[in-house]
Amino acid sequence: MPIALVDCNNFYVSCERVFNPRLEGKPVVVLSNNDGCAVARSNEVKALGIKMGEPWFKMKDVALKHGIIALSSNFSLYGDMSARVMSILSDFSPNQEIYSIDECFLDLNGFDPNTLMDYGQKIRQTVKQGTGIPVCVGMADTKTLAKLANHCAKKGLAGSNGVCNFGSMDEQQLSALFSGIPVGEVWGIGRRITAKLNEMGINSIQDLRSSDPEYIRQQFSVVVERTAKELNGIHCIELEDSTQPRQQIMVSRSFGNEVSQLADLSESISYYATLAAEKLRHDGSVASSLCVFVRTNPFKDEVPQYSRSMIVPLLRPTDDTFKLVHASLQGLKHIYKNGYGYKKSGVLLMGLQPKGSIQACLFDETQDQAKSDSMMQVMDAINRKMGKGSVTVASSGVRPRWAMRREKKSPSYTTEWGELPMAG
């Protein structure tokens, strides 16, 4: 059963380059929340030896020397561009699994094996034309091999030009290729497992393919055994339905500046609960409980530390922003302690279930529920049309002191009316 793994190249950087072509060919990094660490690097930055997760303050000298351009994370832009890419890719297969914001699996079962390479190039061209985002395509008989084929496509291995199809290679070619790739490049093989495999004399992917699966399971787990089988073309990991609703929804952020007052924390919790409620309604779900938490900066050993969370049950499962914000603030009041500098807070919605499956209660007010649903629909419609946060609860504040530090953020080209690109 042929499977394709389509992965966007340097996705965050590519999104920025779509709307700012002057970034093409230049070294670019995208920084994490509060402009902390590199979470995306252009090929030019990778060539300079800068690692993923490298703190920005440590690379400033290198950035100055080589002209590295740093940008703050623009998650609204990346999320919108991801939705566009995935929508295009859904037309190439009846069965799609969105694996992450920038990659997805496509079921190619029943496709003519002789046309898959051309089909992969068509996928690349269509996505590039429709969004401006470059992608690479890896094809194989299992998900693990498809991930590996995508790695080869990105590295230009096996004569690939953005598309690598293991199905077009014989066993001798695959063995030669896999003998030159470290075992740590395999999907699901982390650093600790890699180190232990190396101690056992398993250094390359071919070494793992040639090992006894039973022995691998004894030394590690059934998960690693399954990985070894997948490398040999034995189908063990199924494509999953990416449309299944989430079981939990978490919204949390680190603050740009530490806060100590309850009022500031209340604003952050209100804002996060509002975002979580929007996601909840998007999924067509309701929450039966929530967890609110706060914590100080764990990297400041010299100051007192405090971390606390509280689960708040809801009288009735709901997706109403106002009810969720109210419950979150009640929980915050119980866990807040004066005298600490808080660095992070968050809200976790739990016990999610489809909205249509809520069991009726004797004391339900049908009229109140209809009013709530109508109000939430209006809020969501305005925010979709006018931009996120156009209508929100007053308790989330206007100019929060706790907001993330994003001094290098590009415009929200596709999600804010006031920041749409203008043609000169």
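I call a residue buried under 20% relative accessible area, exposed over 50% and partly exposed in between, using a 1.4 Å probe and protein chains only. Before starting, I noted that this is a predicted model, in which local features need pLDDT of at least 70, side-chain atom pairs count only at pLDDT 80 or more, and totals for chains, interfaces and linings use all residues. Residues are numbered from 1 along each chain as its sequence is written, and side-chain values use heavy atoms, with hydrogens and water left out.

**Entry: cysteines**

With that cut-off in hand, I looked up cysteine 236, which is partly exposed at 26% relative accessibility. Cysteine 291, at 12%, is buried. How many disulfides does the structure hold? I found 0, where a disulfide is a pair of cysteine sulfur atoms within 2.5 Å. For cysteine 236, the closest cysteine sulfur is in cysteine 152, 20 Å away, so the distance is too far for a bond.

**Entry: nonpolar cores**

Next I turned to nonpolar cores, meaning sets of buried Ala, Val, Leu, Ile, Met, Phe, Trp, Tyr and Cys residues joined through side-chain atoms within 4.5 Å. The largest has 33 residues, and Phe11, Leu89, Leu106, Ile123 and Ile133 have the most contacts inside it. Among the elements supplying at least two residues each are strand 1 (3-8), helix 1 (11-19), helix 5 (116-131) and strand 7 (135-140). Helix 4 gives the most, with 7 residues. Helices (H or I, at least four residues) and strands (E, at least two) are DSSP runs, numbered from the N terminus.

I then followed isoleucine 123: leaving out residues up to four places away in sequence, it touches Val6, Leu89, Phe92, Leu106 and Val137. Contact here means heavy atoms within 4.5 Å. A second, separate core has 31 residues, including Leu265, Tyr272, Val294 and Tyr342.

**Entry: a helix pair**

I checked helix 12 (residues 262-282) against helix 13 (residues 321-335): they pack at an angle of about 140°, with axes 9 Å apart. Axes are lines fitted to C-alpha atoms, for helices over the stretch in contact, and angles run from 0 to 180 degrees between N-to-C directions. On the helix 12 side the contact includes Leu265, Ile269 and Ala273, and on the helix 13 side Leu324, Val325 and Leu332.

**Entry: serine 211**

Is serine 211 buried or exposed? It is buried, with a relative accessible area of 16%. I found serine 211 in the loop between helix 9 (205-210) and helix 10 (213-219). Not counting residues up to four places away in sequence, serine 211 touches Ile202 and Ile216.
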